[in-house]
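User: Please take me through the terms applied to this model, setting each value against its cut-off.

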Amino acid sequence: MKRALCYLTAMIVTFLSIFPYSIPAQAKPKKAAEFDERQLYSRAAVLMDADSGRILVQKDAGRAMPMASTTKIMTCILTLETAQTEDLADVSAYAAKMPEVKLHIREGEHYKLIDLLHSLMLESHNDAAVAIAEHVGGTVEGFAAMMNEKAKSIGCMDTYFITPNGLDASAQVTEPDGTKSTKVHSTTAGDLARIMSYCITKSPKKDEFLKITRTQSHTFQNYEQAKDGKASPGTRSFTCVNHNAFLHMMDGALSGKTGFTGNAGYCYVGALKSRGRTFVIALLACGWPNNKTYKWKDARKLFQYGIDHYQQKDITNYDYTPNPIPVENGAGKDRLVKTKMQLYVTVEQKEQKILLSESDSVQVRAELPKLLQAPVKKGAQVGSLNYYVNGELTAQMPVRAAQDIEKRSLRWYFMLVLSRYFYPYF
């Protein structure tokens, strides 16, 4: 009977080590009905958990499309991270001749970058964008290269920037294999949401970004560059007013940027915070004139869906101890020669909060080797605990050795012989 119980216990342990564990819900949000993407006007849209980057709702999220002035969130964050905002930017003839919407800066004038950034984000001025780009990147092309490099560094692989202001554009590009192709200024709803999430949660300049994009109005002037290098206020003054109407439409609205061109249609990228949860939306091709308000309707639907159905949960919060891992050629302190020793391991637990709905499925799988070779150092990573949400890998926790296991060596065998002959002195 005892032997049968041992076999049954071993079978249960083996079963649990092979199949994933499901983590019970820690809160009871509303049962998430499947979001019907047909109720959105946008041709492409995303609702994202800004902290984890997980897409909660999507409609054609991976489709590359023009994104108009939502481009300017990248122009702004890149400038904040790479330049001194009190620097003076010179206005070139090219910047001055940008089409509407524009600040009407003039060739040869000088403006502080911080003032141009407010012009960029509050009123979406195209000439301010080019003046910024030329100051930071040397040329528009140089700045666009910086934008593309930054996009890739934060995981945006389907985005291509040509302009700093989002005006429709295309360019001939030489691919790594030497072939030439035509690229269009474009992004995807998923990538655009990812950029906004970076701007407000991960960038070292996130506070400055939020401060600028939440400013209701900003007054400034141009500067005269004196021969001694010192600047003095000029004769022209400007006031920019924030045109992101959504800041006043829902409680918790954090930031956002509108956009429109003939090819892109109306676009919007925005963020909202509610009870510790930060949501980001991206809307592309959300109507054309005279449907300017469609983007606000889509924004409300997506944000409200997130508020109603998603709660923050720690997906690593549960008891689990992986089985010991066999180690070959290990040297035991008890001087017993064993073919295989057992290495005890611990999971490096670290809180990992993400937004989950009641209908989300969480699985945990241990990725551990079947066998290790001595020596093994205490604290060395020997595997990982992988957390999957709806089948998608979302988080990983290291599994580390809880003990040292030395390798059997000539010295170890010598000491073993001595212990056998001179026991109990060893």
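User: What makes the sulfur of cysteine 267 too far for a bond?

Analyst: A disulfide is counted where two cysteine sulfur atoms lie within 2.5 Å. The closest cysteine sulfur to that of cysteine 267 belongs to cysteine 286 and is 8.4 Å away, so the pair is too far for a bond. This is a predicted model, in which local features need pLDDT of at least 70 and side-chain atom pairs pLDDT 80 or more, while totals for chains, interfaces and linings use all residues. Residues are numbered from 1 along each chain as its sequence is written, and side-chain values use heavy atoms, leaving out hydrogens and water.

User: How many disulfides does the structure hold?

Analyst: The structure holds 0 disulfides. Cysteine 76 is in none either, with the nearest cysteine sulfur, that of cysteine 199, 7.3 Å away.

User: Why does cysteine 267 count as buried?

Analyst: Buried means under 20% relative accessible area, exposed over 50%, and partly exposed in between (1.4 Å probe, protein chains only). Cysteine 267 has 0% relative accessibility and therefore counts as buried. Cysteine 76, also with a relative accessible area of 0%, is buried too. Over the chain, buried residues make up 48% of the 426 residues.

User: Why are helix 5 and helix 6 called roughly perpendicular?

Analyst: Helix 5 (residues 126–137) and helix 6 (residues 140–153) pack at about 80 degrees, with their axes 7 Å apart. Angles of 65 to 115 degrees count as roughly perpendicular, under 35 as roughly parallel, over 145 as roughly antiparallel, and the rest as oblique. The two helices are therefore roughly perpendicular to each other. The axes are lines fitted to C-alpha atoms, for helices over the stretch in contact, and angles run from 0 to 180 degrees between N-to-C directions. Helices (H or I, at least four residues) and strands (E, at least two) are DSSP runs numbered from the N terminus.

User: Which residues meet where helix 5 packs on helix 6?

Analyst: Val130, Ala133, Glu134, Val136 and Gly137 of helix 5 meet Val140, Gly142, Phe143 and Met146 of helix 6. Contact means heavy atoms within 4.5 Å. Beyond four places in sequence, valine 140 touches Tyr94, Val130, Glu134, Ile162 and Pro164. The C-alpha atoms of valine 140 and isoleucine 162 are 8.1 Å apart, although the two residues are 22 residues apart along the chain. Valine 140 has 11% relative accessibility and so counts as buried.

User: How do you know that the length of helix 9 agrees with its residue count?

Analyst: The expected span is 1.5 Å times one less than the number of residues. For the 16 residues of helix 9 (residues 294–309) this should be 22 Å, and the end C-alpha atoms are 23 Å apart, which agrees.

User: What makes helix 4 mostly covered?

Analyst: In helix 4 (residues 113–122), 10 of its 10 residues are buried. Among them are Asp115, His118 and Ser119.

User: Which is serine 124, buried or exposed?

Analyst: Serine 124 is buried, with a relative accessible area of 12%. Serine 124 lies in the loop between helix 4 and helix 5, and takes a positive phi of about 65 degrees although it is not a glycine.

User: Why is aspartate 60 called partly exposed?

Analyst: The relative accessible area of aspartate 60 is 41%, so it is partly exposed. Aspartate 60 sits in the loop between strand 3 (55–59) and helix 2 (72–82), with a positive phi of about 50 degrees.
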